[in-house]
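Subject: Structure for you to look at

Hello,

Here is the structure I said I would pass on. Please open it first; my notes on what was found follow below.

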Amino acid sequence: MAPGFARDWTLAFTLGELVGFIPPAVVGAWLGSTGAGDAALIAGLTLAGAGEGAAIGSAQAYVLRHHGSGIPRGSWIAATATGAAVAWFVGMGGAAVMGAGAPTGVLILLVPALIAGLCAMGFLQWLVMRPTVPRSGRWVAVSAAAWLVGVLIPVVAISSAPDGWPMAAHVVIAVISAVLMGLAVGAMTGATMSRLLRRAVGSADGQTTP
């Protein structure tokens, strides 16, 4: 594997997240301005989330191919897009349920659903990489933890901006948040993927990779 994988992965991930940020932002703003109901918001942002995942998956697949990982490009992109759509569906659905004032029992049931949504992308990606990268199960947990940290960045940043600020300021904050999220998630996942791929190469060569 060529050197610089973690760096290339992080930069590509950040670019993919910046591009992928556009569909949910546009769809969310449009539906919000039209006063769309929860069902429309969930459906629209789930589809937009798939677009976000496709952008991220394409950027990741480029780096994986460039570094000769052997992981199939099309399957990786499809897994990433599907995982992102599931995460958006669960997240928006959970927000709708909480906003509707559901009973405590229903809210408790949301916890495993939200965990599943957080793990969806990593799990689907792992299914794709497992034949090529053995003993890579940790990828699911690392991906989920990275996204948990990453998602908090725009949530905190955007919610902290006063409503009275001009729209341009909110756009700038959102873009900066997307870049920071991409850098954070990309760095965390890139380090792990680099180790997994090095170990896979070492195993194939009959060597032991630390």
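Helix 3 passes helix 4 in a right-handed crossing. Please keep in mind that this is a predicted model. By class, the residues in this contact of helix 3 with helix 4 are 17 nonpolar, eight polar and four charged. Helix 4 covers residues 73-99, and its axis comes within 6 Å of that of helix 3, at a crossing angle of roughly 150°. Angles over 145 degrees count as roughly antiparallel, so helix 3 and helix 4 are roughly antiparallel to each other.

Helix 3 itself has 29 residues, which at 1.5 Å a residue should span 42 Å. The C-alpha atoms at its ends are 41 Å apart, which agrees with that span. After helix 3 comes Gly68, with a positive phi near 65°.

Helix 3 (residues 38-66) also packs against helix 2, at an angle of about 165° and with the axes 8 Å apart. That angle makes helix 2 and helix 3 roughly antiparallel. The crossing of helix 2 and helix 3 is right-handed. On the helix 2 side, the contact is made by Pro23, Pro24, Val27, Gly28 and Leu31. Helix 3 contributes Ala40, Leu41, Gly44, Leu45, Ala48, Gly49 and Glu52. Sorted by class, the contact of helix 2 with helix 3 has eight nonpolar residues, three polar ones and one charged.

Helix 2 has a contact with helix 1 as well. The axes of helix 1 (residues 5-20) and helix 2 (residues 22-33) come within 5 Å and cross at roughly 20°. Angles under 35 degrees count as roughly parallel, and helix 1 and helix 2 are therefore roughly parallel to each other. Here Leu18, Val19 and Gly20 of helix 1 meet Ile22, Pro23 and Pro24 of helix 2. Five nonpolar residues and one polar residue make up this contact of helix 1 with helix 2, with no charged residues.

Thr192 lies in helix 7, which covers residues 167-204. Is Thr192 buried or exposed? Its relative accessibility is 4%, so Thr192 counts as buried, the cut-off being under 20%. Leaving aside residues up to four places away in sequence, Thr192 touches Arg138, Trp139 and Val142.

Regards

Definitions and conventions
Residues numbered from 1 in each chain as written. Predicted model: local features only at pLDDT ≥ 70, side-chain atom pairs only at ≥ 80, totals over all residues. Heavy atoms only, no water. Axes fitted to C-alpha atoms, helices over the stretch in contact; angles between N-to-C directions. Helix = DSSP H or I, 4+ residues; strand = E, 2+ residues; numbered from the N terminus. Parallel < 35°, antiparallel > 145°, perpendicular 65-115°, else oblique. Contact = heavy atoms within 4.5 Å. Nonpolar A, V, L, I, M, F, W, Y, C, P; charged D, E, K, R; others polar. Left-handed = near helix turned anticlockwise from the far one by under 90°. Buried < 20%, exposed > 50% of the residue type's maximum accessible area, 1.4 Å probe, protein only. Expected span 1.5 Å × (residues − 1).
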